[in-house]
Amino acid sequence: MIKQVANKPWRLAVGLMSGTSVDGIDAALVELEGLGANPKVRLLAFRNMPYPPAVREKIFALFRPENATVDKVGYMNFLVGEYFAEAALAVIQEAGVDKSTVDFIASHGQTIWHAPQADCSDGYPIRCTVQIGEGAVIAERTGIPTVSDFRVADMAVGGQGAPLVPFTEYLLYRRKEETILLQNIGGIGNMTVLPAGAPPEAVFAFDTGPGNMIIDAVISAATGGAEGFDRDGAAAARGTVCRALLEELQKDPYYTQLLPKTTGRERFGQQYTARLLNYGKEHGLSFDDLAATATELTAWSIADAYERYVLPRYQAAELIAGGGGSYNPTLMAALGRRLAPHGVQVRTQEDLGLSSDAKEAVAFALMGDRFMTGQPNALPSVTGAKRAAIMGKLSLPSPR
C-alpha cells in the first residue's frame with residue numbers, strides 16, 4: 001500500500017491537528033504533488049471541529065499528572081480518536097470528495113504530556129511524550145490508512161520531538177535572499193528561523209514560551225469559563241500592563257535556556273496561571289490588566305527570542321505570524337512595536353494569501369506524505385536529534 005501511494009504523481013491527504021489550547025480539531029484536505037525538496041501543496045478544504053465542552057474538560061484534566069491515571073488516558077485515547085475520525089470525514093464531505101480517493105490521513109493527535117529533557121536515572125537517556133487520539137480508531141472509522149504518533153521517532157534518536165512544523169516550513173517558505181521568521185502563536189509560541197538560501201541543516205526553531213495559553217486562562221477565569229480567548233484582544237486593550245508583574249514573569253528560566261528547547265503546559269499550565277491569578281487578587285489588578293500583562297509577555301517573549309537567539313547570527317526581513325494569536329490585534333500591535341526597532345516587518349499568513357488556521361494541519365499532511373513515500377520528515381538541527389527520523393506509525397483499516 002505504501003508503495004502504491006509513493007508511486008502516484010499526486011496524492012490526496014487529510015491532515016489533523018489539535019494544539020495546546022484544545023480549542024478543537026483542525027482538519028485540512030490537501031492535494032500533494034512531487035516527492036523532492038520542492039513539493040506542491042494545495043488546500044482543498046479546511047474546517048475546525050470544536051470538542052464538546054465536557055470532552056474538552058476531560059482532556060484538560062489529563063494535563064495534570066495526578067489526574068492522568070492509566071484508565072483515564074486509555075479511555076480518552078480512544079474517545080479522542082473517534083472525534084479525530086469524525087473531523088476527517090467532515091472535511092472530506094465538505095470538499096465533495098469521495099473518501100475512497102483519499103490516500104491517507106496524518107494525525108498529530110492531542111499532546112497531554114511532553115518531557116523532552118533526558119532523564120538518565122535508570123541508566124538510559126529517556127525522553128518521553130504522550131499524544132492521544134488513537135490512529136487505529138481513525139483508520140477503522142474512516143476506512144483510510146492513518147499515520148499518527150509522529151514525535152516519538154525523533155525522540156528515539158535523541159531529539160526533543162518538537163518543534164516538528166519547521167520541517168514543512170523549510171520546504172514551503174524558504175527564500176534565497178532573505179532571512180525570515182515564522183512564528184506560530186498557539187497555546188505555546190514557536191519560532192522557525194529560515195536563513196537566506198540556507199540548507200536544511202542551517203534551519204533552527206524553538207518554542208518561544210507561552211502564546212495564547214496564559215491569556216486564555218485569564219479570560220476563562222474572568223468569564224467563569226463562558227469565553228475561552230480574548231476576542232479581538234479587547235480585554236487586553238482595555239487593561240493596563242502591570243510592569244512589576246511583567247518583570248517577574250520575565251524571570252522564568254525558560255527564556256534564557258540554551259537551544260534546542262521546547263515547552264508546554266507542564267511549565268506554563270494551570271499551576272503557573274493560578275499563581276498569576278493570585279498575584280492579581282493580592283495586588284488589586286483587574287482581569288483586563290492581567291490580560292494586558294499576559295499579552296505583553298507573549299509579545300516580549302517573541303521579540304526577546306529574536307534578540308537572544310537570532311539577531312547575533314542573522315538579520316531577519318520579516319516575521320510571518322500564524323495561529324490563533326495572529327488574529328489578536330492587540331497582541332500583533334505589541335509584537336510589531338517590539339520588533340520595529342530591529343527592522344523586522346510583522347505580517348500574517350493571510351497577508352500572504354494563506355491560512356493561519358489551516359497551516360499546522362497542512363503541515364502534518366505533508367509530514368504524513370513524506371512518511372508514506374519513505375522520506376525523513378524531521379530537521380535534526382531543530383529538534384537536536386542525532387539524525388533525521390522518518391516519523392509516524394501506520395494504522396491500516398480492516399478489510400471491508
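Figure 1. With a relative accessibility of 22%, alanine 115 counts as partly exposed, because the buried class takes in values under 20% and the exposed class values over 50%. This close-up, like the others here, is drawn from a predicted model. Alanine 115 sits in strand S4, which covers residues 104-119. Leaving aside neighbours within four places in sequence, the contacts of alanine 115 are Arg127, Cys128 and Met155. Have a look at isoleucine 126 too: alanine 115 and isoleucine 126 are 11 residues apart in sequence, and their C-alpha atoms are 9.0 Å apart in space.

**Figure 2. Valine 152 in helix H5.** Here we move to helix H5, residues 151-156, where valine 152 lies. Is valine 152 buried or partly exposed? Its relative accessibility is 26%, so valine 152 counts as partly exposed. Once neighbours within four places in sequence are set aside, valine 152 is in contact with Thr129 and Lys393.

**Figure 3. Helices H7 and H12, side by side.** Two packed helices are described by the angle between their axes and the distance between the axes. For helix H7 (residues 213-222) and helix H12 (residues 287-310), the axes come within 8 Å and cross at roughly 170°. H7 and H12 are therefore roughly antiparallel to each other. On the H7 side, the contact is made by Ile214, Ile215, Val218, Ile219, Ala221 and Ala222. H12 brings Phe287, Leu290, Ala291, Ala294, Thr295, Leu297 and Thr298 to the contact. Sorted by class, the contact of H7 with H12 has 11 nonpolar and 2 polar residues, with no charged residues.

**Figure 4. Threonine 298, a buried residue of helix H12.** Staying with H12, this view picks out threonine 298, which is found in that helix. At 2% relative accessibility, threonine 298 counts as buried. Which residues is threonine 298 in contact with, leaving aside neighbours within four places in sequence? They are Ile185, Pro210, Gly211, Ile215 and Leu331. Ile215 belongs to H7 and is among the residues that make the contact between H7 and H12, as is Thr298 itself.

**Figure 5. Helix H6 and its surroundings.** Of the 8 residues of H6, 7 are buried, so this helix is largely enclosed by the rest of the structure. The buried residues are Pro166, Phe167, Thr168, Glu169, Tyr170, Leu171 and Tyr173. What do they pack against? Their partners are strand S7 (180-185), strand S8 (188-194), strand S9 (204-210), H14 and helix H15 (380-383).

**Figure 6. The crossing of H6 and H14.** One of those partners gets its own view: the axes of H6 and H14 come within 9 Å and cross at roughly 90°. That makes H6 roughly perpendicular to H14. From H6, Phe167, Thr168, Glu169, Leu171, Leu172 and Tyr173 meet Lys359, Ala363, Leu366, Met367 and Arg370 of H14. By class, the contact of H6 with H14 has 7 nonpolar, 1 polar and 3 charged residues.

**Figure 7. The second largest pocket.** This pocket has a volume of about 320 Å³. It is lined by 16 residues, of which Val41, Leu172, Tyr173, Leu354 and Val362 are the closest to its centre. Strand S3 (40-49), helix H6 (166-173) and helix H14 (359-372) are the elements that give two or more residues to the lining. Which of the elements gives the most to the lining of the second largest pocket? That is H6, with 4 residues. The lining of this pocket divides into 9 nonpolar, 4 polar and 3 charged residues.

**Figure 8. The largest cavity.** Our last stop is the largest cavity, with a volume of about 40 Å³. Its lining is made up of Arg11, Gly34, Leu35, Gly36, Pro39, Leu171, Leu366, Asp369, Arg370, Thr373 and Gln375. H14 supplies the largest share of this lining, 3 residues. In terms of class, the lining of the largest cavity has 4 nonpolar, 4 polar and 3 charged residues.

Definitions and conventions:
Residues numbered from 1 in each chain as written. Predicted model: local features only at pLDDT ≥ 70, side-chain atom pairs only at ≥ 80, totals over all residues. Heavy atoms only, no water. Buried < 20%, exposed > 50% of the residue type's maximum accessible area, 1.4 Å probe, protein only. Contact = heavy atoms within 4.5 Å. Axes fitted to C-alpha atoms, helices over the stretch in contact; angles between N-to-C directions. Parallel < 35°, antiparallel > 145°, perpendicular 65-115°, else oblique. Nonpolar A, V, L, I, M, F, W, Y, C, P; charged D, E, K, R; others polar. 1 Å grid on protein atoms, 1.4 Å probe; cavity = no way out; pocket = protein on both sides within 12 Å on 5 of 7 lines; lining within 4 Å. Points joined across faces, edges and corners; volume = space filled by probe spheres on them.
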